[in-house]
Amino acid sequence: MLPTVSRGRSPSTARPAAPVFAQYLRRIVKWQQMDIEYTFWQMLHLCTSPKVVYQHTKYHKQTKNQWARDDPAFVVILCLFLVVATSAYCAAYDGSFAHGFFTVISVVVFHFLLLGIILATCCWFLTNSYLREEVPNSHVVEQHVEWLYAFDVHCNSFFPAFILLYVFQYFLAPVLIAHGFIPLLLSNLLFMVAISYYHYLNFLGYDVLPFLDKTTFFLYPIGLAIILSPLMILSGFNPTRYVMNLYFS
């Protein structure tokens, strides 16, 4: 009897995870093999038409037989953007070169990469353990969420938040850190939109996988952000001022 394949499933012919990840790491130092133009196309459309980006993810699965990107250009360019943006903050608000250097390293290594690895691992475990569709019979080939794809989803979701909380906030900082109701309102709205859009893109990233079920779970944090935002406004908490004080006293 030939094995049957359920909706959205395909025979498991994907390459082992370790060689794929090793190849991914080797390409980080090889700029000639990175598709810079396609990376900028993705970044643009993540801010304007994110569903188009994940439609291309389906094409990548069909051609490369893996959901994750095999090109580290997105991560490399995003790290460079973080270095530039954080350096701009340090130049404007920090008079110490040593402290500024430490701030840049901590933002890139800890706040983006390390936190991203932790979040991607949690989502990878959650989706593979609880959100995959039930296999109807033993002849159906199972599919799993690749860890590298979970990290891709985090990076995709992080970029628009980076634009809002690193770029826009930099230019609006003189207004946002001021005292008064308007700065308080604008700061909370900015963070609420950034957090909500992050989780919306997170949802799109997993919803595109046809073997996952109940992916609306990833939209729940948006409701929490919408509820907490007016509470923080009423309590007088300004997230922009808090973050600026945390980094630059």
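User: How much of the contact set with a separation of 6 or more is between residues 24 or more positions apart?
Analyst: In this predicted model, such pairs account for 79% of the protein's contacts with a separation of 6 or more, a contact being heavy atoms within 4.5 Å. Residues are numbered from 1 along each chain as its sequence is written, and side-chain values use heavy atoms, without hydrogens or water. Local features need pLDDT of at least 70 and side-chain atom pairs count only at 80 or more, whereas totals for chains, interfaces and linings use all residues.

User: Which elements have the lowest and highest confidence?
Analyst: Helix H1 (residues 17-26) is lowest, at a mean pLDDT of 63, and H7 is highest, at 97, where pLDDT is the predictor's per-residue confidence from 0 to 100. The protein averages 87, with 85% of the residues scoring at least 70.

User: Which residues touch the most other members of the largest nonpolar core?
Analyst: Tyr-149, Tyr-206 and Leu-209 do, in a core of 47 residues, a core being buried Ala, Val, Leu, Ile, Met, Phe, Trp, Tyr and Cys joined through side-chain atoms within 4.5 Å, with buried meaning under 20% relative accessible area for a 1.4 Å probe, protein chains only. Helix H6 (147-176) is among the elements that give two or more residues to this core, and H6 gives the most, with 14.

User: What does Tyr-149 contact, neighbours within four places aside?
Analyst: With those left aside, Tyr-149 is in contact with Tyr-54, Thr-57, Trp-67, Ala-68, Gly-205, Val-208 and Leu-209. A second, separate core of five residues includes Tyr-89, Cys-90, Met-244 and Phe-248.

User: Switching to pockets, what space lies in the largest one?
Analyst: About 910 Å³, for an open set of 1 Å grid points, over the protein atoms alone, where a 1.4 Å probe fits and protein lies on both sides within 12 Å along at least five of seven lines; points join across faces, edges and corners, and the volume is that filled by probe spheres set on them.

User: Which of its lining residues are closest to the centre?
Analyst: Of 33 lining residues, Phe-158, Leu-165, Tyr-166, Phe-191 and Ile-195 are closest, lining meaning an atom within 4 Å of a point. Elements giving two or more residues to the lining include helix H8 (220-235) and helix H9 (239-248).

Conventions: Buried < 20%, exposed > 50% of the residue type's maximum accessible area, 1.4 Å probe, protein only. Helix = DSSP H or I, 4+ residues; strand = E, 2+ residues; numbered from the N terminus.
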